[in-house]
Amino acid sequence: MDRTLSGRQLAALITGLPDTRLGYRELARAVRSLVLNGRIALHMRLPAERELASALGVSRATVTAAYDLLRESGYAHSRRGAGTWTSLPDGQRPTSIASLPSDEQATIDLGLASPAAPEGAVAEALTQAAAQLPRHTVAPGYHPYGLPDLRAAVADRFTRRGLPTLPDQILITSGAQHALALVLALLGRPGDRVMAENPSYTNGLDALRRARLRIASVPVTETGWDTDLIESTLRQTTPRLAYLIPDFHNPTGNLMPDEQRVDVLRAARHTDTWLVIDETIADIALDVPPPAPFASLAHPSQGGQVITIGSLSKSCWGGLRVGWVRTTSQLATELAALRMTVDMAGSVLDQLVALALLDRLDDVLPRRRERLRTQRDALAAALNRHLPEWVWSVPRGGLSLWVDLGHPGASDLADRALGYGIRIEGGARFGVDPGTHEHRLRLPYTLPTHVYDKAAERLAAALEGVPSHTTPAGRTHWVA
């Protein structure tokens, strides 16, 4: 189904931009900016000229001239009898995946928003797991649903966070990405619509594309989500699934307020859309209390419509590939049957380590959050010293800053930065549509504090074109 932006919605977006005048050139520039930063999706029908003119209080001739300019510059195209649609100029292409840099020791890697393991915690958990392992080695070791004790521990954690959960509602997976892939394979069919945020977690978007789902995007901006746009997108596209990251959203760091969660749940209930909620970063609450599970706000009749995925990758360590799906008992059984065709079952030893870590997670998390706060402040201070023209909002949780460069060019800067010994990811990698978010960088604060001054210094040199003394490594778009 076609997606149409109403005159009222577009007028609100345009008038919300700073220093917006309403001449036809300024109007075209405003729409182009909204497309490039992802606040208007590609292939969305713009309002009729008369409708937008009325909403903005300008002449129809002004809107006609603005649309003509957008078409001439490649940011819109028209179909006879079907209206005007957003687009990008020819030559814009999605970013590609390459191999990892060959000299990782010399490169400061700001492409991975994933911290190292808490000191000593994994080793202690491994010792505890080794003591438990003998009682499992007397059996074949295949547990398609996951170890019963681990399923019970994950269910208990959901219950303590405000969402009563039984162990048979939990499926243990090899990380959250595995969980998402299983859910998409079970519930999505090629060609189905899926609603996703723009920007969003790049590996999540890649999973949607690999499943050959058609993505209808909704913007996440500095101020968060626009529930009116979410509701209209759900109404107009009636997607089979929606993939959302409401808890310290990756990459923007936003936290969705409870009232907006209720609005999204209500709208999805009316369109019978499965909500796939990614809670991978929910534990990384730095300046606010950890949020309750999204599904805890669902209407009793809607509980089975909300599927929650999570893992220990950000809470503990990405090297421990243990995640989960929280859903209905029936759907957990169907997912377990599907995972048998993929990897049979997860590693028993890894799950025993995860069980031991979950048991001490309430002790581990406060120290982890304190360290991340310190690292966040160190990164912000370094950027202020070396790149004072860059702008960002301090997130209340999560693992990265979503930095506004003030102008497009993040992908070019990322390519140049490798020659200065620093790996970064431009915002386009997190966009639903290629070529958008080119004015943004995602900069994680997951490295030791002493690294950030040198990192900012190298970024400033790359930005200014100071001669580099290193040879650029191969470009990579592998992120976490």
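Which residues of α13 are buried? The points below start there.

1. This is a predicted model, where local features need pLDDT of at least 70, side-chain atom pairs count only at pLDDT 80 or more, and totals for chains, interfaces and linings use all residues. Residues are numbered from 1 along each chain as its sequence is written, and side-chain values use heavy atoms, leaving out hydrogens and water.

2. In α13, the buried residues are Val348, Gln351, Leu352, Val353, Ala354, Ala356, Leu357 and Leu358. Buried here means under 20% relative accessible area (1.4 Å probe, protein chains only). They pack against α5 (121–132), α6 (134–137), α7 (148–160), β4 (170–173) and α14 (361–386). Helices are DSSP runs of H or I with at least four residues, and strands are E runs of at least two, numbered from the N terminus.

3. The N-terminal end of α13 is capped by serine 347, with a side-chain oxygen 3.4 Å from the backbone nitrogen of leucine 349.

4. Helix α10 (residues 227–237) is mostly covered, with 8 of its 11 residues buried. Its cover includes α1 (7–15), β5 (193–198) and α11 (258–271). At the start of α10, a side-chain oxygen of aspartate 226 comes within 3.0 Å of the backbone nitrogen of aspartate 228. Threonine 238, which follows α10, has a positive phi, near 40°.

5. Histidine 439 sits in the loop between β14 (425–426) and β15 (440–444) and is buried, at a relative accessible area of 16%.

Note on methods:
Buried means under 20% relative accessible area, exposed over 50%, partly exposed in between (1.4 Å probe, protein chains only). Contact means heavy atoms within 4.5 Å. A polar contact is a pair of N or O atoms within 3.5 Å; within protein, one must be able to donate a hydrogen and the other to accept it, and residues adjacent in sequence count only if both atoms are side-chain atoms.
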